[in-house]
Amino acid sequence: MGLLGKLKAALQSIFGKKHVRIGIYGPPNAGKTTLANRIARDWSGDVVGSVSEIPHETRRAQKKDNVVIKNGNSSLTIDIIDTPGIATKVDFHEFMEHGLNEEDSRRRAKEATEGVIEAIRWLDNVDGVILLMDSTKNPFTQVNVTIIGNLEARDLPVLIAANKIDLDGSTPATIKSAFPQHDVVPISALTGYNIEMLYEVMVKLFGKARRK
Amino acid sequence: MAGIKVNLISHQKLESMSTDEKIDFILKEVKQGEVLVLERGLTPEEQSKLIEKTMEEINPGKFIGIEIEGYREEGKLSWLQKALGKIRPPRMTVIGPADKLKTVHRDNDVIKTVIFGR
């Protein structure tokens, strides 16, 4: 490593890295894959995974590497981890209500439980998290509290995205009041509304993240 | 008379256990259909381990998972307290089988649940 490289590494160890691994977390159906696709499409022209109205559509973590996000003169390279939704219960009957037959529902439920475990284990391998919440729903859930508690215990930066603000009944202010100590950005991952603000905060917040 | 047992667990009982012992104890009780009220709940790391273990134990038709609600830890730790390994003590938490315990309301100050009988 040359002198310039050593200086860069030293500065990064103090001020943070410009290449970070960011997990997108949240309960099922919060819009995690829609957001991952939005970010990947906006900055690399690609997508991360398929989306569905049926809960637990994403049952394995999906990764998109080297996505470069720019904000003015600053930029940040991120590896996006689109994680399966975290839940404390999985009932195959719920999938049958969405029209799946019993065999498929049981298989999906089994895969969903494995996905939850995988999502939790990824917490040990991320530099920061976008915690996505459905702003039409009550944010005071144990899943949200558990994720935030784990990130705080690890000293990892967390950005809360209050999603689905394009829908009636959306109240991002409730999310802000529930978690006042964290950055909350209201967005619509589906329409792209206010997504520029999300990118701005991502570059600022995660640019300071230090890989452990 | 049939009913649901609600067990109030003191913090001394849990504090004497390791993380694995706590999780095994909680899941054993909950899988038997009992609801636990923990005087002091679990740390965030213990909560995520409980969720992991719960997912491993899900058995369609018999055990669909847990309902868990608790208040967030209060206050903030200084860098020195963190360096010394201090944690914010967990607060009261209710845990039960997901098919018997349902949360109907929760905010920063109130948790309302309904327990369904057998």
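Biologist: Before we start, what am I looking at, and how is everything numbered?

Modeller: Residues are numbered from 1 along each chain as its sequence is written, while chains are lettered from A and ligands numbered from 1 in the order in which they are written. As for what it is, local features need pLDDT of at least 70, side-chain atom pairs count only at pLDDT 80 or more, and totals for chains, interfaces and linings use all residues, since this is a predicted model.

Biologist: Fine. How many helices and strands does chain B have, and in what order do they run?

Modeller: Helices (H or I, at least four residues) and strands (E, at least two) are DSSP runs, numbered from the N terminus. Chain B has four helices and six strands. From the N terminus on, they run β-α-α-β-α-β-α-β-β-β.

Biologist: What is the radius of gyration of chain B?

Modeller: The radius is taken over C-alpha atoms, and the globule rule is 2.2 Å times the number of residues to the power 0.38. That rule gives 13 Å for 118 residues, and chain B comes close to it, so chain B is as compact as a globular protein of that length; its radius of gyration is 15 Å.

Biologist: And what share of chain B counts as buried?

Modeller: A residue is buried if 20 or more other C-beta atoms lie within 10 Å of its own, exposed if 12 or fewer, and partly exposed in between, with C-beta atoms placed from the backbone. Of the 118 residues of chain B, the buried share is 31%.

Biologist: Is B:Leu8 buried or exposed?

Modeller: B:Leu8 sits in strand S1 (residues 6-9) of chain B. It has 11 C-beta neighbours inside 10 Å, so B:Leu8 counts as exposed.

Biologist: Which residues of H2(B) are buried?

Modeller: H2 of chain B covers residues 19-31. The face turned away from its buried side carries the exposed B:Asp20, B:Glu21 and B:Lys28. On the buried list are B:Lys22, B:Ile23, B:Ile26 and B:Val30.

Biologist: Within what arc do those buried residues of H2(B) fall?

Modeller: An α-helix has 3.6 residues a turn, so residues three or four places apart point the same way. The arc is that of the directions from the helix axis to the C-beta atoms. In H2(B) the buried residues line one face of the helix, because seen down the axis they fall within an arc of 95°.

Biologist: Now the meeting place. Which element gives the most to the side of chain B that touches chain A?

Modeller: Two residues are in contact if their C-beta atoms, placed from the backbone, lie within 7 Å. On that basis 22 residues of chain B are in contact with 21 residues of chain A. Helix H3 (44-57) and strand S3 (66-70) of chain B each supply at least two residues of that side. The most, eight residues, come from H3(B).

Biologist: Over to chain A. How far apart are the end C-alpha atoms of its helix H2?

Modeller: The expected span of a helix is 1.5 Å times one less than its number of residues. For the 13 residues of H2 (residues 32-44) of chain A that should be 18 Å, which agrees with the distance between its end C-alpha atoms, 18 Å.

Biologist: Is A:Lys164 buried or exposed?

Modeller: A:Lys164 lies in the loop between S5 and helix H6 (172-178) of chain A. Its phi is near 70°, a positive value in a residue other than glycine. With 26 other C-beta atoms within 10 Å, A:Lys164 is buried.

Biologist: What about A:Asn194, how does it count?

Modeller: A:Asn194 is in the loop between strand S6 (183-186) and H7 of chain A, and its phi is near 65°, also positive in a residue other than glycine. There are 16 other C-beta atoms within 10 Å, so A:Asn194 is partly exposed.

Biologist: Last one: which residues of H7(A) are buried?

Modeller: The buried residues of H7(A) pack against S1, S2, S3, S4, S5 and S6 of chain A. They are A:Leu198, A:Met202 and A:Phe206.
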